[in-house]
Amino acid sequence: MRHPAHILSRALLPLGLLLSLAGCAVPLASSNPADGTFNRAVLRQVGGGLLPPAPVDPRYLALQEAGAPVLRMQADEGAGVALRRDGPAADGVVRWRAPDGAAIDMRNGVVVASRSTADDLMFSDLAELQARLASGQPGLARRFENRMTKDRTLQLQTYVCTVTRAASPAGPVTREDCAGPDDGFINSYGPAGGSQQRVGGRMVTFSPEGSRS
Amino acid sequence: MKSVGWWSLFRSLGFALALCGLSLAAAAQIRPTLGFHGTPGILEMPTADMTRDADLSFTLSSFGDMNRGIAHFQFTPRLAGTFRYSALQNIPNQSPDKPYYFDRSFDISYQIMTEGARRPALTLGLRDFGGTGVYAGEYLVATKGFFDNRLRGTIGLGWGRLGSAGSFRNPLSYLSDNFRTRPDNVTGASLGNVGDVDFGQWFKGDAALFGGVQYQATDRLLLSAEISSDAYELEGSANPGFHRDSPVNIGATYRFDNGLDLTGAYLYGNTLGLALSYRINPKAPPGPPSGREGAGPAVVPRDAAVLASWGLDDGPQSGDETARVRAALAAQGLTLLAYERQGARVRVQLRNDTYLSETQAVGRAARALTGVLPPQVEILTLTPVTDTGLAPTSVTLRRSDLEELDHDLQGAWKSYARAEIAQDRTLPLDPGAASPLRYGISLYTGTRHSRPDHPLAETGLRFDASYLASLGNRSSLLLSGQLRQPLALVERDSIPLPDTPGPWARADAGLYDRDTGLEIRELMAEYFFQPGDALYGRLSMGYLEQMYGGVSGELLWSPLDSPLALGAELNLVRQRATDGLFGFRDYETATGFVSAYYDFGGGYLAQIDAGRYLAQDWGATLTLTREFESGFRLGVFATQTTMSAEEFGEGSFDKGIIFSVPGSWLFGQPSERTADFTYRPLRAEGGARLDLSNRLYEPVRRAQQLDDPQDWGSFWR
């Protein structure tokens, strides 16, 4: 006579395989795979689409509740996102936090760093651009970017950018046309803090709401 | 041979391609296709191409009652290894009660010369060098791209099975008569007598030419044609559904965006075949490019700290200082274990429950602390503590450096250069810290006793619990247990047992999986201690693993700034009862090893363990591993002991593959854990070791990676 567990195997094995492939059925290497975080992860894997989407970043919720200023971000496709200002300017840099936990650091409206935005800009040196933006003088400006690759190593990239200034009905717009060894892009900085800049490999439009919501 | 006409055509084409030495353009190399053997190849024949460094490819192929599952890994840009698992039908001497003969084989290939504007790539390969010998063959192959790489031509010289059709006298035999004839056990002449690395056969016996062309018709469609030098004598002799009527194979490969290749082919003049390949690269694993952990905290300069939180209640002025620190770390997925402030200096001991990189955990902790510590605090010493209570490495930082380097272009290496990385003293545990009791439930699946026709043996529930007590003076006591409740088994009635008389040390492992009752997988008390700056110790007692209980002691010497570490381990164990509960069987033994670990840098690691194994055989195990920043890890190991190949039986010696996947990739959220798999073609007596959970080297090495400057980009993630 066959053992009940063997009979069960036909029904449970596919489930086990599915769970394994989903990655939640594998004993983990750590000596103590016993904590709530892991269990919640298992539930989320098993529940799949039945569970609600990943929660909004708690820090973002707290900032929202505290009425932190908003910067609206719009990528080429998809809905816009309201970024919340995370703390005051430190060394002139303001951190803007997204609902998914990503963050963008800006100095005088120019993106100087990004986190969790794909192709993270870890560090940058944009002093020449900042000087041209402050003085309103066109010319060349070098842009140095230290990005983190997908295998978590830093890669320094240098761009040579042509900075030009043009008038628009709303005020002067500064255009930064950058060329690097592998790629190029054009950022533009408008009046009143609006801009279009490359973030995480995509062009993104920023427009400040300017007031606490 | 029937193929003579084809050979004429082939030679004309092949030599023209090979010798013309011209390339109309030095174009970027196309992604090589993986043939029906799962290695870079045209269809059945290999090419000289290499996949991208670190590419891990999986192939399923089927034709003529032959099914293959293959894993191929590009160890280095020029060195690749392959593991092939084949299910063959209708081969000679096959047992009538088993419809399939399961075969495992290993290949290795090395690119001697890379492709240049005027020279082909040249690769030397060994096929099935450590398996049954069913596919045993060697080759030297050249491949060159033309017309902006839209056309790639290959020509090669094969021996063994790759020299079995259209063969001629081995050119090497003109150098030495030793190469004139190939010794026995070629092309699977003795199925079951497997696992030898048969150096004596390599490049011996008749040779044959093979080759072909591949044409990139569109961005997604690749057309292939080849002349095969494989006679398929073994399969063709007893397989009514397959005959080798022609050496010519033709096929087409459709390449999907996601890295999937689907190949259809008309093979050997009478058979249709299909192959499906998928590849990932651990250097750029699937998932969000910047990880799943969200942005960490920004450094809050002291003059801005008062305003930092927009009225949130975690600022430096609110509440108890330790509670603020605890909350700030918890927000980053870190657990505060101990906190001490003396003047301008704070010491923080923490447990990283979230990040694979300890450097990232320390970086987040340091930045989070700048938002909650009083302005007078200038020096931060952070110590990650392992799950076993060890604290191998501490990082001391100046807060002013963090403030200065937060947006410095070279912030990563400057912060590393300014940090002081050493061992520090340990502190009493914070009374408000997380409970030392941890527990959880998870699902498991997999095979516990390796057997080729049992790829999956068991799935069930797993319960874990542990209690960690800090004993002060850099020592801790860990009480831990793991219960398993099997839910489903595969073919439990046919669990194999060795032919030789018992008792067995490991070869009867299958007996432990027959029982479907609740099983105590581990139940033990462990004492961890750090007797010196570079010394770590472990004493374990109890039910140490599924098959053994007893006592185990280990000492590890691992200096922070040295790539070399040395260890010693001694175990006195007795075999447990097969029901997995509290009883014991008669077999007992002493087993122990001295170990050397070497970190070559760049993720390449080597380990040698020499000593006495569970079956009382003496020998050594060599393990080579490549580890990626993403957390993926792949390695191979092999053991040679005093147990002869005859005594060992099928497989001849213990060997296998180690594969680790980062938990963040599996679970879709940040995780410091990895899922580890060890695959052995067979689990036998020779070279058997205890499966201990808490050996010292890995957690210590992981903690010591804080001293790796390459990882300090993660400090700011």
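Which strands of chain B does helix α4 (residues 321-330) lie across? The first legend answers this.

This is a predicted model, in which local features need pLDDT of at least 70 and side-chain atom pairs count only at pLDDT 80 or more, while totals for chains, interfaces and linings use all residues. Residues are numbered from 1 along each chain as its sequence is written, chains are lettered from A and ligands numbered from 1 in the order in which they are written, and side-chain values use heavy atoms, with hydrogens and water left out.

**View 1. Helix α4 of chain B lies across β14 and β15.**
Helix α4 spans residues 321-330, and β15 spans 345-352. The helix runs at about 145 degrees to β14(B). Axes are lines fitted to C-alpha atoms, for helices over the stretch in contact, and angles run from 0 to 180 degrees between N-to-C directions. Contact means heavy atoms within 4.5 Å. Helices (H or I, at least four residues) and strands (E, at least two) are DSSP runs, numbered from the N terminus. Helix α5 (residues 358-370) of chain B also packs on the sheet. Helix α5 touches β14, β15, β16 and β17 of chain B. Its direction makes about 145 degrees with that of β16(B).

**View 2. Five strands of chain B form an open sheet.**
The order is β14-β15-β16-β17-β18, with mixed pairing. Two strands pair if DSSP finds at least two bridges between them. The edge strands are β14 (334-342) and β18 (420-422) of chain B, and each pairs on one side only. On average, neighbouring strands of this sheet are turned by 20 degrees against each other, direction ignored. Within chain B, β16 (residues 379-384) and β17 (residues 394-398) pair in the antiparallel sense over four bridges. I379(B) has R398(B), in β17(B), as its bridge partner.

**View 3. One disulfide joins C161(A) to C178(A).**
A disulfide is a pair of cysteine sulfur atoms within 2.5 Å. Here the S to S distance is 2.1 Å. The link is right-handed, with 105 degrees about the S-S bond. C161(A) lies in strand β8 (residues 154-166) of chain A and C178(A) in strand β9 (residues 173-179) of chain A, so the pair ties together parts 17 residues apart in sequence. The count over all chains comes to one disulfide. C161(A) is buried, at 0% relative accessible area. C178(A) is buried too, at 2%. Buried means under 20% relative accessible area, exposed over 50%, partly exposed in between (1.4 Å probe, protein chains only).

**View 4. R182(B) and E138(B) meet in a salt bridge.**
A salt bridge is a side-chain nitrogen of Lys or Arg within 4 Å of a carboxyl oxygen of Asp or Glu. The N to O distance here is 2.8 Å. The pair links distant parts of the chain, 44 residues apart. R182(B) sits in the loop between β8 (167-168) and β9 (207-216) of chain B, and E138(B) in strand β6 (residues 137-146) of chain B. Both residues are buried. The structure holds 53 salt bridges over all chains.

**View 5. D261(B) and R255(B) meet in a salt bridge.**
The N to O distance is 2.9 Å. D261(B) is buried, at 2% relative accessible area. R255(B) counts as buried, at 7% relative accessibility.

**View 6. D464(B) and R462(B) meet in a salt bridge.**
N to O, the distance is 2.8 Å. D464(B) is buried, with a relative accessible area of 7%. R462(B) is buried at 5%.
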